[in-house]
Amino acid sequence: MTTHHLQFFIDGAWVEPVKPATLDVIDPSTEEPFTRISVGSGADVDRAVAAAKAAFPAFAATSRQERLVLLRRILEIYNEHYEDIAQAVSHEMGAPITWAREAQAWAGQAHLEATIKGLEDFAFSEMRGETLIVREPIGVCALITPWNWPLNQ
């Protein structure tokens with residue numbers, strides 16, 4: 001299986017870091033490294049943000065149906081790699097594999113399913129009295145998530 005642990009996925013492709021630097025990822029259950037990853041620099045973040053900003057206008061113009069197709073495809077790929085995800089989480093957290101499958105990997109799957117359901121029913125516009133409220137995309141967001149429940153975010 002090909003891995004991209006030393007690359008970043010930016011602008012639709014796996015790319016090398018601007019400033020190569022690596023970090024061993026330690027499995028807490030064995031206290032041994034199980035992989036090595038690249039750590040990003042400010043230049044890598046700038047490249048990712050620029051790509052996201054460039055993609056934003058086209059994505060913002062997509063229809064509900066186009067977004068649902070994309071989300072369903074993401075869920076399909078997630079499900080195809082469910083065991084790989086569970087194994088990675090198990091090693092990254094030192095968690096028992098059963099818990100990684102049934103809680104951690106499941107959480108990511110459940111969030112994707114809930115997002116699809118939410119988008120199916122989402123009111124992009126509504127009248128409140130005589131006021132039309134329109135919900136529309138506003139821009140690129142960057143998030144830093146905690147390590148202890150990685151697929152719950």
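Biologist: What is a pocket, before we start?
Modeller: A pocket is an open set of grid points with protein on both sides within 12 Å along at least five of seven lines. The model we apply that to is a predicted one.

Biologist: OK. What volume does the second largest pocket have?
Modeller: About 270 Å³.

Biologist: And which residues line that second largest pocket?
Modeller: Among them are Phe 59, Leu 70, Leu 71, Leu 119, Phe 122 and Phe 124. Arg 67, Arg 135 and Glu 136 also belong to the lining. By class, the lining divides into 7 nonpolar, 2 polar and 3 charged residues.

Biologist: Which helices supply at least two residues each there?
Modeller: α2 and α4, the latter running over 97-121.

Biologist: Now the largest pocket. How much space lies in it?
Modeller: About 2400 Å³.

Biologist: How many residues line it, and which lie nearest the centre?
Modeller: The lining of the largest pocket has 50 residues. Nearest the centre are Phe 8, Phe 9, Trp 14, Pro 150 and Leu 151.

Biologist: Which element gives the most to that lining?
Modeller: α3, with 7 residues. β1 (8-10), β4 (32-38), α1 (42-60) and α2 (64-80) are also among the elements that each supply at least two.

Biologist: What is the split by class in the largest pocket?
Modeller: Its lining has 33 nonpolar, 14 polar and 3 charged residues.

Biologist: You mentioned α1. What is its span from first C-alpha to last?
Modeller: α1 has 19 residues and reaches 26 Å, close to the 27 Å expected at 1.5 Å a residue.

Biologist: Where is the kink in α1?
Modeller: At Ala 54, shortly before the proline Pro 57. The kink is about 30 degrees.

Biologist: What lies 2.8 Å from a polar atom of the Ser 38 side chain?
Modeller: The backbone oxygen of Leu 6.

Biologist: And Val 39, where does that lie?
Modeller: Val 39 is in the loop between β4 and α1.

Biologist: Why does Val 39 count as partly exposed?
Modeller: Because its relative accessibility is 32%, and partly exposed covers values between the 20% limit for buried and the 50% limit for exposed.

Biologist: Last one: what separates Val 39 from Val 25?
Modeller: They are 14 residues apart along the chain, and their C-alpha atoms are separated by 11 Å.

Key:
Residues are numbered from 1 along each chain as its sequence is written. This is a predicted model: local features need pLDDT of at least 70, side-chain atom pairs count only at pLDDT 80 or more; totals for chains, interfaces and linings use all residues. Side-chain values use heavy atoms; hydrogens and water are left out. On a 1 Å grid over the protein atoms alone, a cavity is a set of points where a 1.4 Å probe fits but cannot get out, and a pocket is an open set with protein on both sides within 12 Å along at least five of seven lines; lining residues have an atom within 4 Å of a point. Grid points are joined across faces, edges and corners, and a volume is the space filled by probe spheres set on the points. Helices (H or I, at least four residues) and strands (E, at least two) are DSSP runs, numbered from the N terminus. Ala, Val, Leu, Ile, Met, Phe, Trp, Tyr, Cys and Pro count as nonpolar, Asp, Glu, Lys and Arg as charged, and the others, Gly among them, as polar. The expected span of a helix is 1.5 Å times one less than its number of residues. The bend at a residue is the angle between axes fitted to the seven residues ending there and the seven starting there. A polar contact is a pair of N or O atoms within 3.5 Å; within protein, one must be able to donate a hydrogen and the other to accept it, and residues adjacent in sequence count only if both atoms are side-chain atoms. Buried means under 20% relative accessible area, exposed over 50%, partly exposed in between (1.4 Å probe, protein chains only).
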